[in-house]
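Subject: Structure handover

Dear colleague,

Please find the structure below, with the sequence. My notes on it follow.

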Amino acid sequence: LMKGTIPSEVGLLNKLGSFYANDCMLTGTIPTEMGNIGMMREFVVHSNRLTGPIPSEVGQLTNLIALALYDNELTGTVPTEMIELRQTLRFFEFHFNFITGSLDPILCQDFSMFASLEMIMTDCTG
């Protein structure tokens, strides 16, 4: 069981394909260095106590299929850089956070691309 924060050094694992740390009582922010993991296909950190914004560097994870951030304490908006993921991202779940604002219209052009898009209990529109 992983506890504490996600170390920024995880960004050095440039061949990491999946990062699963759900229900681990993680605190702190999602490190911006996560954007360095070009092979990342799944980033699943739901049901923790993560705070702060979704880093814009998530948009650099162009192989990402699943992004599960729900049930944390994340704030801010969905970064516009996430439009870079529109070709690969199929599961984007960020409900039960404090995310606000609008989703980028380009990301929302074709909701059929998502197998799962969950944003309930947020103040997002799109």
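Does His 46 count as buried or exposed, and why? Note before the answer that the model is predicted. The relative accessibility of His 46 is 12%, so this residue counts as buried, the cut-off being under 20%.

If neighbours within four places in sequence are set aside, the contacts of His 46 are Ala 21, Asn 22 and Asp 23, together with Ala 68, Leu 69, Tyr 70, Asp 71 and Asn 72.

The second residue I looked at is Pro 79, in the loop between β6 (73-76) and β7 (91-93). Pro 79 has a relative accessible area of 8% and is therefore buried. With neighbours within four places in sequence again left out, Pro 79 is in contact with Ile 54, Pro 55 and Ser 56. The C-alpha atoms of Pro 79 and Gly 59 are 7.8 Å apart, and 20 residues separate the two in sequence.

As for the whole chain, the protein has 10 strands and one helix. Their order from the N terminus is β-β-β-β-β-β-β-β-α-β-β. The protein has 126 residues, of which 42% count as buried. Of the contacts between residues at least 6 apart in sequence, 52% join residues at least 24 apart.

Regards

How values were computed
Residues are numbered from 1 along each chain as its sequence is written. This is a predicted model: local features need pLDDT of at least 70, side-chain atom pairs count only at pLDDT 80 or more; totals for chains, interfaces and linings use all residues. Side-chain values use heavy atoms; hydrogens and water are left out. Buried means under 20% relative accessible area, exposed over 50%, partly exposed in between (1.4 Å probe, protein chains only). Contact means heavy atoms within 4.5 Å. Helices (H or I, at least four residues) and strands (E, at least two) are DSSP runs, numbered from the N terminus.
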